Amino acid sequence: MITDFSFQQMFESLTSKLASVVFYAFEINGVAIPMVLIWLICGALVFTCYLGFINVRGFSHAISLLKKNKTTGASGEISPFQALSTALSGTVGTGNIAGVAIAISLGGPGATFWMIIAGLLGMSTKFVECTLAVKYRQINSDGSVSGGPMYYIKAALDKFKLPMLGTVLAMAFSVFVIFGSAGFVHVNQGFVQVQSVTGFDNAWLFGAIYALLVGAVIIGGLKSIARVTSKLVPLMCGIYLAASLLVMFTHFSAIPAALWLIVQGAFTPEAGYGGFIGVLIQGFRRAAYSNEAGIGSSPIAHAAAQTKDPVSQGFVGLLEPFIDTVVICTITALVIILTGAYQTPGLDGVQITSGAFASVVSWFPWVLMVALLLFGFSTVISWSYYGLTGWRYLVGHNQRLTQLYKVFFCFIVSIGAVPNVMAVFDFIDSMIFLMAVPNILALYLLLPEVKADLKAYWQKRAI
């Protein structure tokens, strides 16, 4: 008979082995470099160069498209802005707050420079992903949209006369996104911050309330999620950025020195932080966690955008890493560096960021708590849709099965704050990064097609 304890040991052993495979790393000068990170970085570099630095050339056009936000006569369920908001709500979260702090504590201020570079390169990856997601989406009989990497993965392999492999990889991606959608980490980190600020320590009650709020949103489907995120994303970013700018204003005279420290540290870091390679890897690793470029999650939201041209949504999508990583992560880094919080012994992750804010105004951790809760909540509801899309790809659009997924998802959320579920974090991270394997492969295969579509798009606009 298998006891609960032995089952937990078995699960932890399985998770550990899975994580060791997914995050397999080789060493350079004593610094571990995960292969999955190389897979993402190489993809971003190839896409950027092959498309003629579309991340730079297309930036102003992307802004103009977002301002117009036209949806008249276009297929889709939500506006381009709502698609961007839904995708941003899935990426802007604890990675922007705790992840930046971890990168700086391990790699020094110079890690910020490489986070920015990774964010800029990730813009090209997002452009390719979002373009293909719209191009290969399916419009269902009820007007709803089904789209995402699983659809263009299948299409890519079909074109290369490998339909069986395409089916297997598309189904594998769907399984990975279902398991990766579990919102444990965001619920747990939200509870940790609430507990540290308010003293509230009932994890079960916190989880139950969180699950009820999530259920109230996701029961209405994608349009309900999009309505909430389109309001929530500007609000949560506004609150966080306002608090960050206040901290920066109080240390205004030190900003030039902080910026120089970031640039200097990127190329001549202290030996204690693992040298140049160590700083570079920390920056790219945290950026990958933050904006998820190449993972394949955001294209699921962008696939539902009301647009007549896939390339136009690709331009809107490339703004996502810029906002998420280049803007928000950089501001977080400046707050941490200006206050010197990363040098405070005994602090880790979100505690570093919280300490940075508290050093200016004692009640600022309350602001951070609200920001974390908003960030986490928006991420959870967005990923619920990503997981549901994977679920529907496998089992179809049966209404009962759809509701079953939503109920099970809310149950998972409800236990997310309980400490003894921490063992599943490695499992969820493994699932999320496994998504990148078939996704990037499909992007490579369809890249010439994206370049041709981009050329036709520019020519059409020139007429």
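**Figure 1. Contact between helices α4 and α16.** In this predicted model, the residues H61, A62, L65 and L66 of helix α4 meet S312, F315 and V316 of helix α16. Helix α4 covers residues 59–68 and helix α16 covers residues 310–317, and their axes come within 8 Å and cross at roughly 105 degrees. Because angles of 65 to 115 degrees count as roughly perpendicular, α4 and α16 are described as roughly perpendicular to each other.

**Figure 2. The largest nonpolar core and the surroundings of F127.** The largest nonpolar core of the model holds 129 residues, and those with the most contacts inside it are F127, V128, Y152, V177, V214 and F315. Helix α19, which spans residues 364–395, gives the most to this core, contributing 15 residues. When residues up to four places away in sequence are not counted, F127 touches L51, I54, V311, G314, F315, L318, V450 and L454. F315, listed here among the residues that F127 touches, is also one of the α16 residues that meet helix α4.

**Figure 3. S174 in helix α9.** The residue S174 is found in helix α9, which runs over residues 163–180. With a relative accessible area of 0%, S174 is buried, since the term applies to values under 20%. Apart from residues up to four places away in sequence, S174 touches M150, G390, Y393 and L394.

Figure 4. A211 lies in helix α11, made up of residues 203–218, and is buried, with a relative accessible area of 9%. Once its neighbours within four places in sequence are left aside, A211 is in contact with C410, V413 and S414. The view also includes I415, which is 204 residues apart from A211 along the chain, while the C-alpha atoms of these two residues are separated by 8.8 Å.

**Figure 5. Two loop residues with positive phi.** F53 is placed in the loop between α2 (35–50) and α3 (54–57), and its phi is near 55 degrees, a positive value in a residue other than glycine. F53 is partly exposed, with a relative accessible area of 46%. K161 lies in the loop between α8 (149–159) and α9, and the phi of K161 is near 60 degrees, again a positive value in a residue other than glycine. K161 is exposed, with a relative accessible area of 70%, because exposed residues are those over 50%.

**Figure 6. The whole protein chain, as a setting for the close-up views.** The protein chain contains 22 helices and four strands. Of its 463 residues, 58% are buried, and S174 and A211 are examples of buried residues. Among the contacts between residues at least 6 apart in sequence, 83% join residues at least 24 apart. The chain exposes about 19,000 Å², of which carbon and sulfur atoms supply 68%.

How values were computed. Residues are numbered from 1 along each chain as its sequence is written. This is a predicted model: local features need pLDDT of at least 70, side-chain atom pairs count only at pLDDT 80 or more; totals for chains, interfaces and linings use all residues. Side-chain values use heavy atoms; hydrogens and water are left out. Axes are lines fitted to C-alpha atoms, for helices over the stretch in contact, and angles run from 0 to 180 degrees between N-to-C directions. Angles under 35 degrees count as roughly parallel, over 145 as roughly antiparallel, 65 to 115 as roughly perpendicular and the rest as oblique. Contact means heavy atoms within 4.5 Å. Buried means under 20% relative accessible area, exposed over 50%, partly exposed in between (1.4 Å probe, protein chains only). Accessible areas come from the Shrake-Rupley method with a 1.4 Å probe; for residues, only the protein chains shown count as cover. A nonpolar core is a set of buried Ala, Val, Leu, Ile, Met, Phe, Trp, Tyr and Cys residues joined through side-chain atoms within 4.5 Å.
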